[in-house]
Amino acid sequence: MEQMMDNIDKKIMALLQYNARMSISQISKEVSMSQPSVKERMIKLEEKNIISGYNTVFNLRDLNRGTTTFILLKTEHCQDLTNFCEKAMEVTDLFRISGEYNYLIKVQTASIEELAEFQDSLIKFGPSKSHISLKNILENRVLL
């Protein structure tokens with residue numbers, strides 16, 4: 001079986017996760033490899049779908065979406081909930097989970113009042129519990 005990643009691949013991925021706009025030139029300096037070698041490794045990681053995209057991180061507070069809430073929801077209307085969440089601008093993430101509740105929804109709102117309106121729209125799907133984030137301690141951590 002082909003080894004998927006070595007330590008250099010992991011270092012390249014960590015650098016890109018920290019700054020997806022980092023130039024190949026800068027990455028090559030950080031990993032002590034030539035630019036063509038780094039580019040080839042990145043292409044291989046993309047072809048294997050290990051790197052599946054490059055993202056931009058926004059400051060949600062400056063976009064008037066600074067209230068982060070995690071909502072646990074119990075429903076039997078799974079597809080209806082999924083469709084609803086795909087259209088709801090407040091929803092950033094939707095997870096199917098195990099336990100008493102079967103969904104975890106992460107929402108970003110401008111205020112508690114906006115959150116209350118969103119929660120009112122969820123009532124039709126079933127019971128829920130909300131947990132408002134007071135402070136973001138660790139997010140999008142590099143796992144390599």
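This is a predicted model: local features need pLDDT of at least 70, side-chain atom pairs count only at pLDDT 80 or more; totals for chains, interfaces and linings use all residues.

Reader: What makes the length of H3 close to the expected one?

Author: Helix H3 covers residues 35-47, which is 13 residues, and spans 18 Å from its first C-alpha to its last. The expected span, at 1.5 Å a residue, is also 18 Å.

Reader: Which residues of H3 are buried, and why are they said to line one face?

Author: The buried residues of H3 are Val 38, Arg 41, Met 42 and Leu 45. Viewed down the axis of H3, the buried residues fall within an arc of 100°, and therefore they line one face of the helix. In general, an α-helix has 3.6 residues a turn, so residues three or four places apart point the same way.

Reader: What covers these buried residues, and what does the opposite face carry?

Author: The cover includes helix H1 (7-18) and helix H2 (24-31). The face turned away from the buried side carries the exposed residues Pro 36 and Glu 47.

Reader: Why is the pair of Phe 84 and Phe 125 called tilted?

Author: The ring centres of Phe 84 and Phe 125 are 5.3 Å apart, and rings pair if their centres lie within 6.5 Å.

Reader: Why is the pair said to tie parts together?

Author: Phe 84 lies in helix H4, whereas Phe 125 lies in the loop between helix H5 and strand E4, so the pair ties together parts that are 41 residues apart in sequence.

How values were computed: Residues are numbered from 1 along each chain as its sequence is written. Side-chain values use heavy atoms; hydrogens and water are left out. Helices (H or I, at least four residues) and strands (E, at least two) are DSSP runs, numbered from the N terminus. The expected span of a helix is 1.5 Å times one less than its number of residues. Buried means under 20% relative accessible area, exposed over 50%, partly exposed in between (1.4 Å probe, protein chains only). The arc is that of the directions from the helix axis to the C-beta atoms. Contact means heavy atoms within 4.5 Å. Rings of Phe, Tyr and Trp (its six-membered ring) pair if their centres lie within 6.5 Å; planes under 30 degrees apart count as stacked, over 60 as edge-to-face and the rest as tilted.
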